[in-house]
Amino acid sequence: MELNTLLCTLWMETIGSAGDIQKRTQHKNIALTLGRNEFRDVVLKLEFPKRDMKFALKELTIFKKFVKEGKATIKIPDRNIQFLLSNCPPDKLIMFLKTMHTKLECHKQKPPVHDRKRLLSDRPKTFEDISPLTLKDLQTVHEMRAKNVENKSDMFTPKGKGKRKRENDEKENVLPQGVKMARKLVSTSCSPFKPVLNPVKLNKGQTSVLDAIISRKNVFFTGSAGTGKSFLLRRIIGALPPQHTYATASTGVAACHIGGITLHSFAGIGSGRADLQQCVELASRPLVIQQWKKCQHLIIDEISMVEGDFFDKLETVARVVKQNDLPFGGIQLILCGDFLQLPPVTKGSDKRKFCFQAKTWPKCVQLNMELTEVKRQSDNHFINILQNVRLGRCPDIVETTLRATAKHNIQKDGILATRLCTHKEDVDQINKYQMEKLNATSKVFLSTDNDTSYAKQIDSLCPVPHKLELRVGTQVMLAKNLEVHRGLVNGARGLVTGFEKGGEGLPIVKFLSGLEEVIKPARWTFKAAGAVYLTRRQIPLKLAWAISIHKSQGMTLDCVEITVSKVFESGQAYVALSRAKSLEGLRVLDFDRGCVRANPDVLKFYHKLDLTRRMLQTNIEEYS
Ligand SMILES: Nc1ncnc2c1ncn2[C@@H]1O[C@H](COP(=O)(O)OP(=O)(O)OP(=O)(O)O)[C@@H](O)[C@H]1O
Ligand SMILES: [Mg+2]
């Protein structure tokens, strides 16, 4: 599929002079293409099964509030028409809208072709695909915007006289039922348009995985900590149609990293311990079955923590509720994780069964792929140490290097290293102890949740608590990416230096980078079972003297301190150590060889995968 073509579901609406909808038609699987006609106008082409429609664009208004959910509205005022797009791969939709808007803005800079000239022209009608966005296009729009701002500031405008009425306020009634009015993104007549930032490029391995997924293969992709698995998953989510894609993870924290929900809340079969008949009944509840039926692509991150029996149960439930005998009811599976990290949580004496030991795993997974380039750390020596620990090996060099870190002084500007603990009680105790040492009054921030009856579920998904207590001197960690280019990223640590005077008294945090920032409330949205949307608005901070290894899974941290004496799981020490970005930012207080443990079943499984991969590779090479 071309870059400037977008497949979507489309509502086409004709708007009357009073702003009312005169006609509305729905079309599925419509291709929208951007191109140019014989006069170099920007043209939007809609390909219907029996005919095409083309619109040479002069003015354009785009509403993009739900763009991340694959929805947007394009209004063409001079044609009295608007298109409501849905079910578009979000990344593709964003790029499509940006291209359309930018190309049109650039075109407006050129001398217009007057109507008379158009009428008298004998040029044959043409349509050619538009060229991709270039840096020059973006610069042009950027400069125009700067000029617009200058001109506007010259004009006399009374300031601070209440809020300007939002243009969409009046148009609330023009959208179909169930679609809320979107915030306006851009109108080509005034352009608050952000230049496209170059997205970080996927490496070769990541691109191969993405390609396999686009070609509808059921893929399990693995790789050591920091090889960009979750990073890639976010791209995969952006490349799939949102109405039919469910992004899940085995734990709430991991789900939050990819903006998804837990696998359990998607499946709707509770713990999955009930017998099959009961599980099918649970999955057949109206709201639950609705999502099973809609689901065509199921993403599961941190698959290492999904229990094998649970996976088998899901596979059968999927076939029954979707009435489809294909593996997993024909749903495309995108499984991701590292089995050498945290294993499934088992209760009491239950024998642990990994997902790859599930009966249905071999028939569900068509391709095993591995990412090998570590992106979290850049020091090869440290990467080597971590690879050894991952495989359960502890040669002398590993022991001496990690023991030596005990002397690291990784305290900077009063910010202590975050202690990673095996047990939650230790986390609470350390945070409480440090908080009480601060001789300052507390300020409490309570979250606003959209549905308090789901409080427990929101707590399990959201990285910040309902009640956040802060004092001057509290060591905190950002729980959301705020402004990546300024270093305000998930996991950035700092100290509360004060609270804003007046208003909500928002906390001011000085980060390790030296940046001091007022932290405003942020909002988390989770899609829970039954297509319910849950939201929490809270200050995106959490206490950071200590966090559990469990909660640290998937994180990147600048300074970590670890004690290994209570390590009780295979992979636990590896998860903790591999959170650190560098050896200098790591302090292991009591390193002991005993903590370096890899599960033998996992090693065997990986060994087999590696052999298969090599065999396949040899075959391919021989073949070619
Ligand atoms: N192609 C890339 N280019 C640049 N940075 C990347 C790339 N892929 C991943 N990263 C960065 O590498 C770091 C680790 O990525 P990520 O958290 O996705 O790894 P992971 O494999 O999921 O690790 P874990 O197993 O610990 O969850 C992140 O900071 C991410 O932004
Ligand atoms: Mg990850």
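The axes are lines fitted to C-alpha atoms, for helices over the stretch in contact, and the angles run from 0 to 180 degrees between N-to-C directions. Contact means heavy atoms within 4.5 Å.

This is a predicted model, in which local features need pLDDT of at least 70 and side-chain atom pairs count only at pLDDT 80 or more, while totals for chains, interfaces and linings use all residues. Residues are numbered from 1 along each chain as its sequence is written, chains are lettered from A and ligands numbered from 1 in the order in which they are written, and side-chain values use heavy atoms, with hydrogens and water left out.

**Whole chain**

The protein chain holds 18 helices and 29 strands; helices (H or I, at least four residues) and strands (E, at least two) are DSSP runs, numbered from the N terminus. Of its 624 residues, 50% are buried, where buried means under 20% relative accessible area, exposed over 50% and partly exposed in between (1.4 Å probe, protein chains only). Among contacts between residues at least 6 apart in sequence, 71% join residues at least 24 apart.

**The parallel sheet**

An open sheet is formed by six strands in the order β12-β11-β13-β14-β10-β15, with parallel pairing. Because β12 (261-262) and β15 (367-371) stand at the edges with a single partner strand each, one side of each has no neighbour in the sheet. Two strands pair if DSSP finds at least two bridges between them. Five bridges join β11 (residues 245-249) to β13 (residues 297-301) in the parallel sense, and Thr248 stands opposite Ile300 in β13.

Two helices lie across strands of this sheet. Helix α4 (residues 204-214) lies across β10 (219-223), β14 (332-336) and β15, and runs at about 155 degrees to β15. Helix α5 (residues 229-239) lies across β10, β11, β13, β14 and β15, running at about 150 degrees to β10.

**Helix pairs**

| Pair | Angle | Axis separation |
|---|---|---|
| α1 (residues 90-108) and α5 | about 70 degrees | 5 Å |
| α9 (residues 286-294) and α10 (residues 308-321) | roughly 90 degrees | within 10 Å |

Helices α1 and α5 are therefore roughly perpendicular to each other. In this contact, Pro90, Asp91 and Lys92 of α1 meet Arg235, Ile237 and Gly238 of α5. The residues there divide into two nonpolar, one polar and three charged. Ala, Val, Leu, Ile, Met, Phe, Trp, Tyr, Cys and Pro count as nonpolar, Asp, Glu, Lys and Arg as charged, and the others, Gly among them, as polar.

Helices α9 and α10 are likewise therefore roughly perpendicular to each other. Ile289, Trp292 and Lys293 in α9 meet Leu314, Val317, Ala318 and Val321 in α10. This contact has six nonpolar residues, no polar and one charged.

**Two buried residues**

Leu84 is part of strand β7 (residues 81-86) and counts as buried at 4% relative accessibility.

Asn388 belongs to helix α12 (residues 380-390) and is buried, with a relative accessible area of 16%. Leaving aside neighbours within four places in sequence, Asn388 is in contact with Arg393, Pro395 and Val398.

Definitions and conventions:
Angles under 35 degrees count as roughly parallel, over 145 as roughly antiparallel, 65 to 115 as roughly perpendicular and the rest as oblique.
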